[in-house]
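Take a look at the model below.

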Amino acid sequence: MSGHSKWSNIRLKKGAEDKKKAAVFTKAARLITSAVKEGGSADPDANSTLRTAVEKARAVNMPKDNIKRAISRG
């Protein structure tokens, strides 16, 4: 039965989902990095643009490590 591999179907679906998630995370990381550069502060309490960027990143379930990495990059 050609074309009926369960692993193949899972792999293709997971690959598509991971690609979409990576694009969203990249966009959020760029937003955080630019907010740090523009605001001049890496503290979300002092930088309102950064605070909203971090809230948006958390809304799309971006891991805290990725958020910290994006802040340090800025």
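At what angle do the axes of α1 and α2 cross, and within what distance do they come? They cross at roughly 165° and come within 8 Å. Axes here are lines fitted to C-alpha atoms, for helices over the stretch in contact, and angles run from 0 to 180 degrees between N-to-C directions. Helices are DSSP runs of H or I, at least four residues, numbered from the N terminus.

This is a predicted model: local features need pLDDT of at least 70, side-chain atom pairs count only at pLDDT 80 or more, and totals for chains, interfaces and linings use all residues. Residues are numbered from 1 along each chain as its sequence is written, and side-chain values use heavy atoms, with hydrogens and water left out.

The angle makes α1 roughly antiparallel to α2 (over 145 degrees; under 35 is roughly parallel, 65 to 115 roughly perpendicular, the rest oblique). Their crossing is left-handed, meaning that the near helix is turned anticlockwise from the far one by less than a right angle, whereas clockwise is right-handed. From α1, the contact (heavy atoms within 4.5 Å) uses A28, L31, I32, A35 and V36. From α2 come T49, L50, A53, V54, K56 and A57. Nine of these residues are nonpolar, one is polar and one is charged. Nonpolar covers Ala, Val, Leu, Ile, Met, Phe, Trp, Tyr, Cys and Pro; charged covers Asp, Glu, Lys and Arg; the others, Gly among them, are polar.

Now turn to α3. It packs against α1 at about 40°, with the axes 8 Å apart. The two helices are therefore oblique to each other. α1 passes α3 in a right-handed crossing. F25, A29, I32, T33 and V36 of α1 meet N66, I67, A70, I71 and R73 of α3.

T33 lies in α1. At 10% relative accessibility, T33 counts as buried (under 20%; exposed is over 50%, partly exposed in between, with a 1.4 Å probe and protein chains only). Beyond four places in sequence, T33 touches A70, R73 and G74.

The largest nonpolar core has 14 residues. Such a core is a set of buried Ala, Val, Leu, Ile, Met, Phe, Trp, Tyr and Cys residues joined through side-chain atoms within 4.5 Å. α1 (6-39), α2 (48-59) and α3 (64-73) each give two or more residues to this core. Six come from α1, the largest share. I32 and L50 are among the residues with the most contacts inside the core.

N61 is found between α2 and α3. Its phi is near 65°, a positive value in a residue other than glycine. At 61% relative accessibility, N61 counts as exposed.
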